[in-house]
Amino acid sequence: MTNAGETTEKETILEVKDLKLSFRIQKKLVPTIRDVSYTLRRGEVLGIVGESGSGKSISSNAIIRLLPENAVIEGGQILFDGQDLLKLPLRELRKVRGRRISEIFQDPMTSLDPLFTIGYQLNEVLKKHTNLSREDREKRSIELLRMVGINQPERRIDQYPHEFSGGMRQRAMIATALACDPELLIADEPTTALDVTIQAQIIDLLKELKEKFHTSIIFITHDLGVMADICDRVLVMYAGEIVESGDKRQIFYDHRHPYTEGLLHSIPDVDGDEKKPLVPIEGNPPEMSLLGDECAFARRCPYAMRICARKRPPEASLGDGHTVRCWKVFHEEQAKEGMRDADT
Ligand SMILES: Nc1ncnc2c1ncn2[C@@H]1O[C@H](COP(=O)(O)OP(=O)(O)OP(=O)(O)O)[C@@H](O)[C@H]1O
């Protein structure tokens with residue numbers, strides 16, 4: 001792996017602009033990812049959080065077009081290192097996938113084949129994406145297993161996935177994802193199925209990747225505690241759209257969207273020193289096929305006003321990269337601006 005220089009640290013690696021994706025269901029197109037826009041810099045960990053079905057996986061899998069057959073991308077751009085991946089023919093995209101962008105999943109068996117040894121699978125990835133000789137591929141495979149914390153990699157390389165424990169399989173999957181030094185790693189709930197100790201070890205490993213190699217990571221999770229630990233910036237998703245985005249401090253300590261507020265009340269205190277009662281958000285997310293031009297959260301929102309049921313709120317920019325899609329916040333910001341104008 002090459003150690004990226006400090007100068008590349010703030011460079012934008014990924015820019016998603018107005019991504020719109022629908023699913024074809026019984027001849028109808030159901031909008032599911034709605035105007036999603038965000039930027040990811042080199043060496044940054046971007047967390048995506050939201051309830052089940054909010055679009056975390058689909059919006060991230062759209063980057064490498066790993067989508068169900070009935071998915072239709074209806075608009076937007078996905079600029080990776082300046083190149084629009086949506087315009088790239090599938091054959092070209094396959095070269096990017098696994099080499100410059102790779103993905104790790106909750107279930108390691110999504111990407112590990114039970115019929116082949118771990119060494120064979122690492123070798124296949126390296127054969128496909130690099131010009132390394134057979135000998136160098138073996139050396140690299142051993143180095144990768146060692147890097148992800150697998151002891152005795154020379155012996156382990158000849159073993160099959162079932163001979164590994166759950167945590168070790170997760171590490172082996174991470175090793176295959178890292179084989180070609182990806183610039184972007186998409187981690188979709190990579191620690192959810194693991195016990196707390198192993199979860200912490202995997203998080204430490206991902207942090208090390210970010211620190212040492214400036215790998216950019218999209219980290220999808222339900223777990224706001226894990227998110228507070230690893231992420232620099234956070235996207236809060238609800239009903240296929242980003243309802244709030246900001247850096248970790250803005251989201252945890254200065255959030256403005258009622259949904260973010262509800263999410264944060266539904267977990268134990270992130271600092272762990274104050275025991276707050278858990279208050280789940282009442283109600284359920286909307287049925288996407290029935291959603292009109294209203295605020296998707298209106299029916300569950302304790303602050304909903306008349307306009308919320310009639311019109312989707314615009315995205316308000318609060319400065320320093322903090323955005324919120326909520327009428328209440330929009331009006332509060334307008335009022336502040338009005339007061340500022342009156343003062344001058
Ligand atoms: N093949 C499909 N056809 C129709 N709708 C789909 C299909 N696949 C996913 N969806 C819908 O897309 C929406 C977003 O799904 P996605 O898997 O991205 O959610 P998620 O936030 O990652 O959820 P989870 O946390 O449960 O993984 C959901 O409402 C889901 O029902």
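Analyst: In this predicted model, helix 10 (residues 258–265) lies across strand 3, strand 9 and strand 10 (241–247), and its direction makes an angle of about 100° with strand 9. The buried residues of helix 10 are Pro258, Tyr259, Thr260, Gly262 and Leu263. An α-helix has 3.6 residues a turn, so residues three or four places apart point the same way. The cover over the buried residues of helix 10 includes strand 3, strand 9 and strand 10, and also helix 8 (224–230) and helix 9 (248–253).

Strand 3 is mostly covered, with 5 of its 5 residues buried. In a regular strand the side chains alternate between the two faces of the sheet. In strand 3, Val45, Gly47 and Val49 point one way, while Leu46 and Ile48 point the other way, and all are buried.

Among the residues involved, isoleucine 48 has leucine 235 of strand 9 as its bridge partner, and valine 49 is bridged to valine 236 of strand 9. With strand 8 (residues 216–221), strand 3 is again parallel, through 5 bridges. One of the pairs here is valine 45 with isoleucine 217 of strand 8.

These strands belong to an open sheet of 8 strands with mixed pairing, in the order 6-7-8-3-9-10-12-11. Strand 6 (101–104) and strand 11 (315–317) stand at the edges of the sheet; each has a single partner strand, so one side of each is left without a neighbour in the sheet. From one strand to the next the twist averages 20°.

The ligand site involves other elements. Around the ligand there are 14 residues, and the closest are Phe23, Ser52, Ser57, Ile58 and Pro68. Strand 1 (12–25) and helix 1 (56–61) are the elements that give two or more residues to this shell. Helix 1 gives the most, with 3 residues. By class, the shell has 5 nonpolar, 8 polar and 1 charged residues.

Two loop residues deserve a note on backbone geometry. Aspartate 81 has a positive phi of about 50° although it is not a glycine, and this residue lies in the loop between strand 4 (71–80) and strand 5 (83–84). Aspartate 81 has 16 other C-beta atoms within 10 Å, so it counts as partly exposed. Aspartate 181, also not a glycine, has a positive phi of about 50°. Aspartate 181 is found in the loop between helix 6 (166–178) and strand 7 (184–188). With 16 other C-beta atoms within 10 Å, aspartate 181 is partly exposed.

As for confidence, the mean pLDDT of the protein is 89, and 93% of its residues reach 70 or more. Over residues 1–9 the pLDDT is below 50, and this stretch has 14 contacts in the model beyond near neighbours in sequence. Where pLDDT is low, the predicted coordinates should not be read in detail. For the complex, the predictor gives an ipTM of 0.97 and a pTM of 0.90.

Conventions:
Residues numbered from 1 in each chain as written. Predicted model: local features only at pLDDT ≥ 70, side-chain atom pairs only at ≥ 80, totals over all residues. pLDDT = per-residue confidence, 0-100. Contact = placed C-beta atoms within 7 Å. Pairing = 2+ DSSP bridges. Helix = DSSP H or I, 4+ residues; strand = E, 2+ residues; numbered from the N terminus. Axes fitted to C-alpha atoms, helices over the stretch in contact; angles between N-to-C directions. Near = placed C-beta within 6 Å. Nonpolar A, V, L, I, M, F, W, Y, C, P; charged D, E, K, R; others polar. Buried ≥ 20, exposed ≤ 12 C-beta atoms within 10 Å, placed from the backbone.
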